[in-house]
Amino acid sequence: MFSKFTSILQHAVEALAPSLPLQEDFVYHWKAITHYYIETSDDKAPVTDTNIPSHLEQMLDILTQEEAERESGETGPCMEYLLHHKILETLYTLGKADCPPGMKQQVLTFYTKLLAHIRQPLLPHINVHRPVQKLIRLCGEVLAAPTENEEIQFLCIVCAKLKQDPYLVNFFLENKSKRAEAVKTRGADAARDGAVAPDTGQSPAEEQAKHQEEPQAAAGASASACSPTNNNNNGSNYNLVTSLLNLTKSPDGRIVVKACEGLMLLVSLPEPAAAKCLTENTELCELLTDKLVSFYKALPQSMDPLDIETVESVNWGLDVYNLKEDAAVFAGKRALISFLSWLDYCDQLIKEAQKSAAAVMAKTVRERFFVSVMEPQLMQTSEVGILTSTALLNRIIRQVTSEALMQEMVYFLLGEDEEAETQATISQNPLRHRLIEHCDHLSDERPNADPVTSVSVQQLSPPPLHVCSQISIMTLRLFEQLIQKPNQHILHSLALRSLEERNYLENKPQEEREPLENGQPHDAVDLEEDPLFGDDVSPDSRLSGSDWLSSSPPMSPDHSRCDGKTEVHKIVNSFLCLVPDEAKSSYHVEGTGYDTYLRDAHRQFRDYCGVCQRWDWRGHPKPLEKCNLDMPFFEGHFLKVLFDRMGRILDQPYDVNLQVTAVLSKLSLLPHPHLHEYLLDPYINLAPGCRSLFSVIVRVVGDLMLRIQRIPDFTPKLLLVRKRLLGLEPEGISIDHMTLLEGVIVLEEFCKELAAIAFVKYHAASTSSP
């Protein structure tokens, strides 16, 4: 009570007395603080019962006022006094001793406000960055300490200052060996320093005690030692990172988020010395992956893929806890959100990090999480476990955006091989082989669920996961996600390396070639004479009604232009007329026309071009004279499985067919000339034994035409099934041959989609060419 009365009286006297010059006022407040330690006999009273907080606040106000009254960058006498008399050093010592109780909190607040309010650069001064470095070491020492809030505020302001001037980080890389040597010689230095120490208002005994408590500053404490070339990071401490890492373990979520924000600032600093120290001499990489593994292992062993797919978008730091509501939605939602939230933080941290640091962090995640934890889950034999882990992997792929982490994840999934695949080498990477095999998983069977009535067939959008929670569909969806990622190695590994030499083409001179039909030897047949490929098509299949065709090239009697490319109208009509009229049903239903696919293909192709524009994909195929056409052709494991699946479209569940055709359409949209030629040109001369997407579909159509004859009332049944799928007809009696009828509908829509993609790609090429 007496101390509070004294404080009030002091403020009243100060208000009535004439104002002192700023420096005198500043020295007065500092002397008042130091005299407290000389005069007080009760060091157990909390600091809030003393005048110390008020004096510290007054000192900050004076420093702020002094800077405001002077020109920018000019150091005033009060700041000079603070630097010359090592006031921050003394405050650090008092804060470390926490005398009186609560002093550490006051010191942290003073440092934080000083760095935040003073605009001139303070950290380059040795009498600032040396005590700041020492105070940093005090932060995070005790978990859930009462000063955690002040500690994190202090650390974050230091990080913000380093972000403004990244070179200053070299002051905070503390050399271990030099620090140890300094501690050994500190005894002799203390006596000498005590003899020449400036007047701080402390007694000689207190000065010596201060020096005994303080370790000497490290190599990073002098300007000459802060250069990256002089700093040996292999023996350096990065205490700022260490303290922040300690605070990420706080039980207070707000402290954790602030610590993560501080780390985000530090990893983004461009200084190579700091990046190296960050990854080599701190536990940052280990903390990232250990928490990721911990959150992953907390997930239930079995989860509904629909829950994993549809849980709300997660952004780190914005995680809202409501355990009761989360548990009511589905078991494991809280654990899933925690995992995805930390994954998002890892991804963003790597995305913001200096390039070399990002590479190291991403590689650590690959080794300690993907390889050690996820790979055994994906390789297990339990179908339930495979489904859950594949769904989680799919969500991870969808969420990752950082280039470095994406690259490591792709290498984990697909391997790093660049050369063309052969039948003998497809199993060299066990995980890649297993995942592709899962696209044709043996567990496929008709799901015991109501037919899909909410899915628009002409959009070929995948049905909800609760309808098709099967391993094949989930794995196909995983590859669909991969194909859309901006990573060239994905496309090279899955498809392009097998098409690089164009050895799917016939290599013999024209006069030596065997007559072919769809890639197979047969009696000579001219596709132009085939009613499937001729110009005499039905009005429902003609393209003239579309506005897109205003840019279509003029008709010509030849299949190819002077550049060797097949005329686009030939390609479009080839796909549109593949399915025979008696197997078509879309012209009976409004809004299922070809023009819908044109709009979608235009938008998607534009997006793909944006993704692929920085890759070295030339607009023309590799010249045949430079290709190794004698090398045996193998389409690659991935395309092989897709083609095999496509060949069984009449005998597979509807949802499987939708996903297979979705993946093939994504591949067809890619603006690579070899992929375009192989998937979208019906008129290429295939080498014996080779197949293309068109030849696979032709075989399916041939099988269909035979099977139609054995199904009574085929066309009315087909139309009824289409209307049911579109929700235009209620469910009624079961229909025979449902799988076949649904397969025919998907086949018709897929052919329209391929025709639209071919036209849009031609249109884009013709408008962009000179």
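Which side chain meets that of Arg 366 in a salt bridge? The partner is Glu 408, with an N to O distance of 3.0 Å.

## Basis of the model

This is a predicted model, in which local features need pLDDT of at least 70 and side-chain atom pairs count only at pLDDT 80 or more, while totals for chains, interfaces and linings use all residues. Residues are numbered from 1 along each chain as its sequence is written, and side-chain values use heavy atoms, with hydrogens and water left out.

Side chains of opposite charge can pair when their charged atoms come close. The structure holds 33 salt bridges, a salt bridge being a side-chain nitrogen of Lys or Arg within 4 Å of a carboxyl oxygen of Asp or Glu.

The bridge between Arg 366 and Glu 408 spans 3.0 Å from N to O. Arg 366 belongs to helix 19 (residues 355–378) and Glu 408 to helix 21 (residues 403–414), so the pair ties together parts that are 42 residues apart in sequence. Helices (H or I, at least four residues) and strands (E, at least two) are DSSP runs, numbered from the N terminus. Both Arg 366 and Glu 408 are buried; buried means under 20% relative accessible area, exposed over 50%, and partly exposed in between (1.4 Å probe, protein chains only).

## The Glu 89 and Lys 134 pair

A salt bridge also joins the side chains of Glu 89 and Lys 134, at 3.1 Å from N to O. This pair links distant parts of the chain, with Glu 89 in helix 5 (residues 87–97) and Lys 134 in helix 7 (residues 126–138), 45 residues apart. Glu 89 counts as buried because its relative accessibility is 1%. Lys 134 is likewise buried, with a relative accessible area of 2%.

In the salt bridge of Arg 645 with Asp 440, the closest N and O atoms are 3.5 Å apart. Arg 645 is part of helix 27 (residues 637–647), and Asp 440 sits in the loop between helix 22 (430–438) and helix 23 (471–483), so the pair ties together parts that are 205 residues apart in sequence. Arg 645 is buried at 3% relative accessibility, whereas Asp 440, at 24%, counts as partly exposed.

A network of salt bridges links Glu 635, Lys 640, Asp 644 and Arg 691.

## A buried loop residue

Leu 173 is found in the loop between helix 8 (148–164) and strand 1 (174–175). With 0% relative accessibility, Leu 173 counts as buried. The C-alpha atoms of Leu 173 and Ala 273 lie 8.5 Å apart in space, although the two residues are 100 residues apart in sequence.
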